[in-house]
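Colleague: I would like to learn how to read a model of this kind, one feature at a time. Where do we start?

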Amino acid sequence: MQVIGLTGGIASGKSTVSKLLKKMGAVVIDADIVSREIMVKGTEAYNRIVEYFGKEILKEDGEIDRKKLGNIVFADRKKLKKLNEITHPIIIERIKEKIEEERKKNQQKAIVLDAALLIEMKLYKMVDEVWLVVVDSKTQIKRVMERDKLSYKDAINRIKSQMPLDEKMKYADFIINNSKDFKAMEKQVTLFWERFAT
Ligand SMILES: CC(C)(COP(=O)(O)OP(=O)(O)OC[C@H]1O[C@@H](n2cnc3c(N)ncnc32)[C@H](O)[C@@H]1O)[C@@H](O)C(=O)NCCC(=O)NCCS
Ligand SMILES: Nc1ncnc2c1ncn2[C@@H]1O[C@H](COP(=O)(O)OP(=O)(O)OP(=O)(O)O)[C@@H](O)[C@H]1O
């Protein structure tokens with residue numbers, strides 16, 4: 001079974017595109033969900049994160065307060081680097097396993113790996129094609145601010161913590177422009193999917 005690596009900057013529309021691909025018959029592996037699963041209470045990642053960031057980042061139930069941790073790491077490059085060092089090797093291993101599990105089941109038309117950091121984490125090496133969702137900078141800032149209820153400055157900080165779009169473009173086999181409405185995006189995705197799945 002072929003694997004599509006779906007990537008793009010924060011709030012570019014990856015989840016929106018992957019929902020559509022799911023309807024069309026793909027199974028989706030979401031790297032953000034994997035990143036949540038590998039740091040629940042009691043895991044190796046959890047222990048190392050608490051050791052480095054302190055108990056202040058925990059909620060009352062002892063789980064990691066992701067909003068708090070996000071606010072810390074997206075404002076401090078060194079701390080983000082540390083969080084990445086702790087989590088990325090574990091996320092990569094878990095994604096590899098998930099791809100293998102889906103390959104064995106062989107129930108869907110394709111596997112979609114939805115990962116904002118597909119290039120940064122070198123996950124693109126595991127996929128057959130890279131699809132990049134792009135959005136113009138103004139629209140991206142607006143969507144981040146609205147969806148995540150962030151200030152302009154915080155939205156910019158998050159966008160800047162990722163690889164610049166022109167760098168990502170070098171790795172892309174196909175580019176989905178999501179600066180316009182849902183319909184315009186759907187049209188492009190349908191065309192790419194028809195070519196891919198037939
Ligand atoms: C910082 C954390 C706690 C914030 O959690 P939160 O639930 O608020 O956000 P969520 O995980 O859903 O991520 C939302 C978006 O933020 C961006 N983002 C997440 N992690 C990173 C990172 N390490 N570097 C740059 N951007 C990131 C992505 O665009 C992602 O889609 C969380 O993102 C995290 O643990 N990140 C480290 C693991 C990681 O790199 N995950 C992304 C795998 S592709
Ligand atoms: N074409 C569009 N027109 C208007 N709003 C859109 C469009 N595509 C996506 N959005 C909205 O923009 C926001 C970001 O989209 P989405 O959550 O799919 O991005 P993402 O790339 O998965 O984000 P992240 O990297 O944070 O996981 C959402 O609120 C979504 O509803």
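**Reading the model: helix packing, burial and ligand shells**

Modeller: With a pair of helices: helix H3 (residues 44-53) and H5 pack at an angle of about 175°, and their axes are 10 Å apart. Keep in mind throughout that this is a predicted model.

Colleague: How are H3 and H5 oriented to each other?

Modeller: An angle over 145 degrees counts as roughly antiparallel. H3 and H5 are therefore roughly antiparallel to each other.

Colleague: Which residues of H3 and H5 meet?

Modeller: On the H3 side they are Glu44, Ala45, Arg48, Ile49 and Tyr52, and on the H5 side Lys82, Leu83, Ile86, Thr87 and Ile90. By class, the contact of H3 with H5 divides into six nonpolar, one polar and three charged residues.

Colleague: At what angle do H1 and H9 pack?

Modeller: Helix H1 (residues 14-23) packs against helix H9 (residues 182-197) at about 50°, with the axes 11 Å apart. The crossing of H1 and H9 is right-handed. Val17, Leu20 and Leu21 of H1 make the contact with Met185, Glu186, Val189 and Trp193 of H9. The residues of this contact are six nonpolar, no polar and one charged.

Colleague: What is glutamate 102 in contact with, leaving aside its neighbours within four places in sequence?

Modeller: Met1, Val27 and Ile111.

Colleague: Which backbone angle is worth noting at alanine 11?

Modeller: Look at phi. Alanine 11 has a positive phi of about 60°, although it is not a glycine. This residue is found in the loop between strand E1 (3-8) and H1. Alanine 11 counts as buried because it has 25 C-beta neighbours inside 10 Å.

Colleague: And asparagine 106: where is it found?

Modeller: In the loop between H5 and strand E3 (110-114). Asparagine 106 also has a positive phi, of about 50°, and is not a glycine. Exposure needs 12 or fewer neighbours; asparagine 106 has 7 other C-beta atoms within 10 Å, so it is exposed.

Colleague: Turning to the ligands, how many residues surround ligand 1?

Modeller: There are 19, and the closest are Ile10, Ala31, Arg66, Gly70 and Ala116. Helix H2 (31-37), helix H4 (66-73) and helix H5 (77-105) are the elements that give two or more residues to this shell. By class, the shell around ligand 1 has 10 nonpolar, six polar and three charged residues.

Colleague: Which residues come nearest to ligand 2?

Modeller: Of the 16 residues around ligand 2, those are Ala11, Gly13, Lys14, Ser15 and Thr16. At least two residues of the shell come from each of H1, helix H6 (137-148) and H9. H1 gives the largest share, three residues. The shell around ligand 2 divides into five nonpolar, six polar and five charged residues.

Note on methods: Residues numbered from 1 in each chain as written. Chains lettered and ligands numbered in written order. Predicted model: local features only at pLDDT ≥ 70, side-chain atom pairs only at ≥ 80, totals over all residues. Near = placed C-beta within 6 Å. Helix = DSSP H or I, 4+ residues; strand = E, 2+ residues; numbered from the N terminus. Nonpolar A, V, L, I, M, F, W, Y, C, P; charged D, E, K, R; others polar. Contact = placed C-beta atoms within 7 Å. Axes fitted to C-alpha atoms, helices over the stretch in contact; angles between N-to-C directions. Left-handed = near helix turned anticlockwise from the far one by under 90°. Parallel < 35°, antiparallel > 145°, perpendicular 65-115°, else oblique. Buried ≥ 20, exposed ≤ 12 C-beta atoms within 10 Å, placed from the backbone.
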